[in-house]
Amino acid sequence: MVNHDQDNVPEGKGVGRRWRLGEDAGSWSLLKVAHARSRFLEIDSRINLWNASGALKQESVLSEDRRRLEIRLRINSRPPVHEWSLILGDVLYALRSALDATVWEYAHMDGARPERPELVQFPVVHKRRDWARARERNLQTVPEVIAERIEMVQPFQAGELADQQPLSILSSLNNFDKHRASIGLSVAQDSATQDISFEFEEESNASAPKATYDLGSIADGAVIGLFEFSSPVRRASGRIDFSHVASVETKAGRIHLPVLLGRLIDEVSMYLNFFAVGPPTREEEAREHSRKLSDEPWIPMQFKEDSEGKMAFDPAS
């Protein structure tokens, strides 16, 4: 999220009237975020279930000359990436529409009526020069202080890194899902540990094997581990235990799906609160600073029983 420290905010900008989420500003946007969070938990649960279902097996194959041990991947059930992509699209849409819903709410605050309501939406602007037009079109009757706060979180505030900001990533993925095709999910190993055992025919020739790994592809029969021995072994076996995680290609690179969705949900939640409350005033910052520097001790939470047998807080004890 773009830094909103008060020192970086122009004097008086975005620190006017405040609203209460769920009351003054309505609760639909909050419900949208809650829905996104529930769908995120669902997709995370489905990925975990697939990991634990035994969808991927392994077999160990020792070569005829007993100098090579291959660990091959066997696929019993392929990852249902299209099913996961559908749920991902629901999460992205809910988050994007939460932002649109909050703008719609503010645009109709105190009886205001936008002249072109079909254009009212949350703008995502990557170039500072385009902000004025987006402000006029998309935030027609939105209170000025809210428009200022929305401006403060725009991707263009990050300069050359605009495309890598959460709002930009959310908008681009949501648009791709709505207007083009399924978002491309891929499944890759998240962590791996090996358990290899072998016994040489002649212990005098024992030495550590040369190990090569290929955990990048998920294909039936793929050799995910190759162990080469300096001399024949009497017996050898092994496996590589790993878990998988779905990931998505974004403008900021490939990101693991749980990380991506967790961050986007947290960001949108912060935005909604920021639009309603705004950055802290200088007076609030001064009070908070004074509180942190205060030498006054905390009053201990002591309770005692009064004459009627009820427990009451006793700050003097």
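User: Which salt bridge do the side chains of Arg46 and Glu42 show, and how do I read it?

Analyst: A salt bridge here is a side-chain nitrogen of Lys or Arg within 4 Å of a carboxyl oxygen of Asp or Glu. In this predicted model, Arg46 meets Glu42 with an N to O distance of 2.7 Å. Because Arg46 and Glu42 lie four residues apart in helix α1 (residues 28–52), about one helical turn separates them. Helices are DSSP runs of H or I with at least four residues, strands are runs of E with at least two, and both are numbered from the N terminus.

User: What ground rules apply to numbering, confidence and atoms?

Analyst: Residues count from 1 along each chain as its sequence is written, and side-chain values use heavy atoms, with hydrogens and water left out. As the model is predicted, local features need pLDDT of at least 70 and side-chain atom pairs count only at pLDDT 80 or more, while totals for chains, interfaces and linings use all residues.

User: Are Arg46 and Glu42 buried, exposed or partly exposed?

Analyst: Buried means under 20% relative accessible area, exposed means over 50%, and partly exposed is in between (1.4 Å probe, protein chains only). Arg46, at 31%, is partly exposed, and Glu42, at 24%, is partly exposed too.

User: Which salt bridges does Glu70 form?

Analyst: Glu70 pairs with Arg68, their closest N and O atoms being 3.1 Å apart, and with Arg72, where the closest N and O atoms are 2.8 Å apart. Glu70 is buried at 15% relative accessibility. Elsewhere, shared partners link Arg39, Glu42, Arg46, Glu83 and Asp90 into one network of salt bridges. The total count is 20 salt bridges.

User: Where is Gln58, and what does its side chain reach?

Analyst: A polar contact is a pair of N or O atoms within 3.5 Å; within protein, one must be able to donate a hydrogen and the other to accept it, and residues adjacent in sequence count only if both atoms are side-chain atoms. Gln58 sits in strand β1 (residues 56–62), and its side chain reaches the backbone oxygen of Ile240 at 2.3 Å. Contact in the wider sense means heavy atoms within 4.5 Å. Setting aside neighbours within four places in sequence, Gln58 contacts Ile71, Arg72, Ile224, Arg239, Ile240, Asp241 and Phe242.

User: Where is Arg78, and which residues does it touch?

Analyst: Arg78 lies in the loop between β2 (68–75) and α2, and it is exposed at 53% relative accessible area. Not counting residues up to four places away in sequence, Arg78 touches Trp50, Ile218 and Asp220. Trp50 is 28 residues from Arg78 in sequence, with 9.1 Å from C-alpha to C-alpha.

User: Why is helix α4 largely enclosed by the rest of the structure?

Analyst: Eight of the nine residues of α4 (residues 144–152) are buried, so the rest of the structure largely encloses this helix. The buried residues are Val145, Ile146, Ala147, Glu148, Arg149, Ile150, Glu151 and Met152. Their cover includes α2 (81–107), α3 (131–138) and α6 (257–277).

User: How many helices and strands does the protein chain have, and how many of its residues count as buried?

Analyst: The chain has seven helices and nine strands, and 38% of its 317 residues count as buried. Among contacts with a separation of 6 or more, 73% come from residues 24 or more positions apart.
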